[in-house]
Amino acid sequence: MISKYPMSIFWIFFGISSIFGSCTQDYTVRTEILKWKDGKKAAVSLTYDDGTLNQFRVALPIMEEFDMRGTFYINTGEIPGQKNEAKYLGRDPKIVIDATASIPTNLENYFERAGLIRFLDIPGAVSFHDRSGATYEQGRVEEAYRVLDEGYELARKLKTINLIPPQIIDGPMIGWDELRTYAARGHEFGVHTISHPRLAVLDEENLLFELEKCAEDIERELGKAHLFSAECPFGTENERVMEYALDLFPATRNRMPEPYLEEINRSGTFDVKKDYQKEYVQFQRGPLSRTDQDLMKSWIDDIITRNDVWLVLVFHGIEGIGWEAISEDRIRDYFTYIASKSEDVWVAPFREVTKYMRQRMASEVMLQVASNEIKIELKSDLDPYWYDQPLTLKTYFDMAWEKVKLVQGNEEKELEVQQDEGGQYVQYDYQPSKGSLILKSI
């Protein structure tokens, strides 16, 4: 008898003739995919933007002391050994600059000018681009146009037509060889563009170049597995940018348009007592150099009062290097506090948590039950290349089993039979790549 169910909690009632006679014994088996790995109450992802030096020299070693792994969204343009340098794709810069003398910036020419200005050899070139892009995304388009007009007035005054790659990283960068060692130890690396532009104000050609060529370098140096998630700079949620990014990558930290997920971005408010009417809540916070340490710890305290929250922490500078740098002492204190809650909190890279949620929500369970064994198989339509995250299952049964052995692929191990208000059960991890799993009475 095989039963198939389209949800995360499954019951099966199975009648089998007793070996002692003709009477029928009804067994009840219930299997559920737990909301978080190992049955934890919440998930936490430690993510970093830009790839600045002390994220690896300071924060990463502290994380590893507590057996934590993080996600690093890196700008590849300034990594020694990169193959794809930031560049402007478009018309002759002189033609664009000369036109600004008589034609003010408007909707028709805005993307072209916004993309070019950050490459001009003028003081504050990147700032003109960033400030204009920020006001544009806030809906203040006339102000965005005026910022560019100011920048191009300076370019005409200095008679510049030279283009130089924008420098956006403070201090030295580590190389690909070192990054590979961290990737091999379980840390995730993701696309953060070549040179950290405001993607919302780039035309299609330049926008795609920044995303695709960053991805090309990461895939060549670290492998395709690190193209699972991306973060478009400045936390943009611009609809056009998201359409491109979500077409290129399975996930972005900017936005995850899942029907079962409530997203609370870094500027949003999380109500710990609210029922969001969703299976999961993604709660993003971005600790800055002056963020109160007790407030940061309260985020951890709040999420473990529920069972549905994924806290995504967004760090930038660490110990004096990078934007809004947080000191080593504060990072150590904070990670120590998170580690002290390890009984309740699953700390994992952004990639792993995303996979777990999606696999859980997409999986169907197939059960085959006999008196001395239960066969379990999970089915889903997700791409098996990407979706290989082990899922934690909990199987309740009312058979008189005292000892249980798990068999999946080449793995065999004895499981502890436990008891709670739901009855006796075993808890274990299901490996999607290894096919069906069997629980046996021994």
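1. First, how to read it. Residue numbers start from 1 along each chain as its sequence is written, and side-chain values use heavy atoms, with hydrogens and water left out. Because the model is predicted, local features need pLDDT of at least 70 and side-chain atom pairs count only at pLDDT 80 or more, while totals for chains, interfaces and linings use all residues.

2. The overall picture. The chain has 11 helices and 20 strands; helices (H or I, at least four residues) and strands (E, at least two) are DSSP runs, numbered from the N terminus. Along the principal axes, the C-alpha atoms fill a box of roughly 100 × 45 × 45 Å. Of the 442 residues, 52% count as buried, where buried means under 20% relative accessible area, exposed over 50%, and partly exposed in between (1.4 Å probe, protein chains only). Among contacts (heavy atoms within 4.5 Å) between residues at least 6 apart in sequence, 71% join residues at least 24 apart.

3. Helices H4 and H5. Two packed helices are described by the angle between their axes and the distance between the axes. Here the axes are lines fitted to C-alpha atoms, for helices over the stretch in contact, and angles run from 0 to 180 degrees between N-to-C directions. H4 (residues 125-137) and H5 (residues 141-158) pack with axes 7 Å apart at an angle of about 165 degrees, so H4 and H5 are roughly antiparallel to each other. For the wording, angles under 35 degrees count as roughly parallel, over 145 as roughly antiparallel, 65 to 115 as roughly perpendicular, and the rest as oblique. In this contact, Phe-128, Arg-131, Ser-132, Thr-135 and Tyr-136 of H4 meet a set of H5 residues including Val-141, Val-147 and Leu-154. The contact residues divide into 7 nonpolar, 3 polar and 3 charged; Ala, Val, Leu, Ile, Met, Phe, Trp, Tyr, Cys and Pro count as nonpolar, Asp, Glu, Lys and Arg as charged, and the others, Gly among them, as polar.

4. Helices H9 and H10. The axes of H9 (residues 293-303) and H10 (residues 328-340) come within 10 Å and cross at roughly 20 degrees, and H9 and H10 are therefore roughly parallel to each other. Among the H9 residues in the contact are Met-296, Trp-299 and Ile-300, and on the H10 side they include Tyr-334, Tyr-337 and Ile-338. This contact holds 6 nonpolar, 1 polar and 4 charged residues.

5. Helices H1 and H6. For H1 (residues 53-65) and H6 (residues 176-184), the axes come within 13 Å and cross at roughly 20 degrees, so H1 and H6 are roughly parallel to each other. Phe-56, Arg-57 and Leu-60 of H1 make the contact with Glu-178, Leu-179 and Tyr-182 of H6.

6. Cysteines. A search of the whole structure finds 0 disulfides, a disulfide being a pair of cysteine sulfur atoms within 2.5 Å.

7. A residue to look at: Gln-419. Gln-419 lies in strand E18 (residues 418-420) and counts as exposed at 59% relative accessibility. Leaving out residues up to four places away in sequence, Gln-419 touches Gln-424 and Tyr-425. Gln-419 and Arg-118 are 301 residues apart in sequence and 63 Å apart in space, C-alpha to C-alpha.
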